[in-house]
Amino acid sequence: MQTSLRVSTRSTIKRHSHRAFAACRSYAQNHTEGPAQDTSRTTHFGFKTIPESSKESLVKDVFDSVASKYDIMNDAMSLGIHRLWKDDYVSSLKPGRRGPMKCIDVAGGTGDIALRILDFAREKYADRETSVSVVDINTQMLKEGERRFKKTMYHNTPQVSFHEGNAQALSKEEFPDNAFDLYTIAFGIRNCTSIPMVLQEAYRVLKPGGTFACLEFSKVTNPLLGSVYDQYSFSVIPLLGTILAGDRESYQYLVESIRRFPSQPDFAKMIQDAGFSTGGMFEGRGGAWRDLWGGVACIHTGVKI
Amino acid sequence: MNRFLTGIPRTSCRKTNLLPVVNVATRRTVTSKPAYDGHIPLNFFENAFLAVGSAVMSLADPRRGDMIAALGETTAGPALPRLRDLMLESAEGRQILKDRPRVNSQTVDMNALARLPEGTFGQAYVTWLERCGVTPDTREPVHYIDDPELAYVMQRYRECHDFYHCICNLPVNVSSELALKFFEFVNLGLPVAGISAAFGHLRLSWPQRQRLFAEYVPWALKCGSSASSLITVYWEKRWEQDVDEMKRELGLWDPPEAKWPKPLSEAKAAAEKRAPLSSQGNGATPSA
């Protein structure tokens, strides 16, 4: 028994490190492959620069790796604060206030937002017709979501459904034009290769009058908070990843990808460019975005007119 | 930097007393360049955080070998420079530091070792590997030691762990691992060995713990402290040496007989299958 423990320990580490380092290995391979692929178009992967075509698979590797411990890690990294942010996000959207809604939650693998939407509609408005389609590009994350929903009353009801799909190219059969009242994407858009394409798809699937709402990490304006936040992000989070999940690389990527995301005004401009009507270019009531915790997280909203 | 931690000249002792502490705290930042492949520079607070975190995680989930490795590296402190200096003081150790040999399935030729005569260290090692059912495949590489030479010393310690098992004739169950940790702590002085020894036994059952402290720990403390430092032994050059002679040379003797997971005859049969010509007509009796 002890010998198998020893052997499995080594192979477990290998599996973990292979999963995490596979992302970097494939990055290195792509990087040295030469001009065969479209190296003219590059994008960022954390602080690295990579060919656009490889970002999707690298991100997939990261989320395959983090899926099983995603919720625990979120709690550990944000000290549980992500729950407050998500509660704030969903309650500000008030799903179900004007009757049952058809919602689409993109990059929503583990079902955090979907569950909150359904619970809010049920508890506040006694609404059992609101439905959420959870879309994620990563099957492991979707499996975690399905597992979580099995513990709830929405399992096997038409209120929730899980779909594998790419936020940049949602399937036209499953997600036709002008189909949804609410499009949510929480902590997912920064992992997408092309944000404008995601916004275009969001515009396409929303009904006129439908709401686009994005919860994402953003730029902290207060310099004191900013430096504390930076220290915490770059020191503590990769170490938490090492300790809890045995995977430093994925969490290093997550922290770097936050820094690469556009600032609040830039992102609001991108939402406007996609055709949405947003609030003014300022923060707060009537504005296009609302900062949470000084800009650590931020909610951007827009309406399709 | 290392001089401050190991050999502060007596005359400047009072003056440089505070320097090691200050140096430790301001030594490096997160943005330092990696000194070798796989190096992850940590500052003082990150190091402390990882030390505590890996200690907790190692106890909570002993299968996380990477956490025990991290604990070893973050708590090494002055032990590694001391070991490196011990190696520098012996000719064999100096050769190891020069060659920097690695121990894994590529660098160790199992078949060649199996063909060695009975009673040699190489033969004993291969027999021990089969008896326990382990292989010298890659241990977790070193990440958190900044000096490349000290990182190698740490890596060497990790990879030689199995040799210590073999020369002390101990299997790989939890009690024997703990006995070996006691041994390593007094022989090499690494804090992680001490921490594992101090807390590892909490996972044992009461009879196991009693046996450990009654029989193995006295052996480990006596033998480990009187033997020469095993980090200076160039194991790869001693494959043909007679095991008993090696033990005499190093000042080692066997611990009380341990419970082995697989009986010796099975391992011998596997060895015979691999090298049928050399074992025929040998007539050698299996060693205990």
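## Exercises on a predicted model

In this predicted model, B:Leu59, B:Phe199 and B:Leu202 form a nonpolar surface patch of about 280 Å². The exercises below begin with this patch.

**Exercise 1.** Determine where B:Leu202, one of the patch residues, is found in chain B.

*Solution.* Consider the two helices α11 (191-200) and α12 (206-226) of chain B. B:Leu202 is found in the loop between them.

**Exercise 2.** State how many cavities of 30 Å³ or more a search of the whole structure finds, and describe the largest cavity.

*Solution.* Step one: the search of the whole structure finds four such cavities. Step two: the largest cavity holds about 440 Å³ of space. Step three: its lining consists of 30 residues, and A:Ala107, A:Asp136, A:Ile137, A:Gly188 and A:Asn191 are those nearest its centre. Step four: two or more lining residues come from each of α2 (52-66), β3 (102-106), α5 (112-125) and β4 (131-136) of chain A. The most is given by α2(A), with four residues. Step five: sorted by class, the lining has 13 nonpolar, 11 polar and six charged residues.

**Exercise 3.** Locate A:Asp112 in chain A and decide whether A:Asp112 counts as buried or exposed.

*Solution.* Step one: A:Asp112 has its place in helix α5 of chain A. Step two: the relative accessibility of A:Asp112 is 8%. Step three: a residue counts as buried under 20% relative accessible area, and therefore A:Asp112, at 8%, is buried. Step four: A:Gly145 is 33 residues from A:Asp112 along the chain, and 8.0 Å separates the C-alpha atoms of the two residues.

Note on methods
Residues numbered from 1 in each chain as written. Chains lettered and ligands numbered in written order. Predicted model: local features only at pLDDT ≥ 70, side-chain atom pairs only at ≥ 80, totals over all residues. Heavy atoms only, no water. Patch = residues over 30% accessible without salt bridge, like charges linked within 9 Å, V, L, I, M, F, W, Y side chains within 5 Å. Areas by Shrake-Rupley, 256 points an atom, 1.4 Å probe, with all protein chains shown as cover. Salt bridge = Lys/Arg side-chain N within 4 Å of Asp/Glu carboxyl O. 1 Å grid on protein atoms, 1.4 Å probe; cavity = no way out; pocket = protein on both sides within 12 Å on 5 of 7 lines; lining within 4 Å. Points joined across faces, edges and corners; volume = space filled by probe spheres on them. Nonpolar A, V, L, I, M, F, W, Y, C, P; charged D, E, K, R; others polar. Buried < 20%, exposed > 50% of the residue type's maximum accessible area, 1.4 Å probe, protein only.
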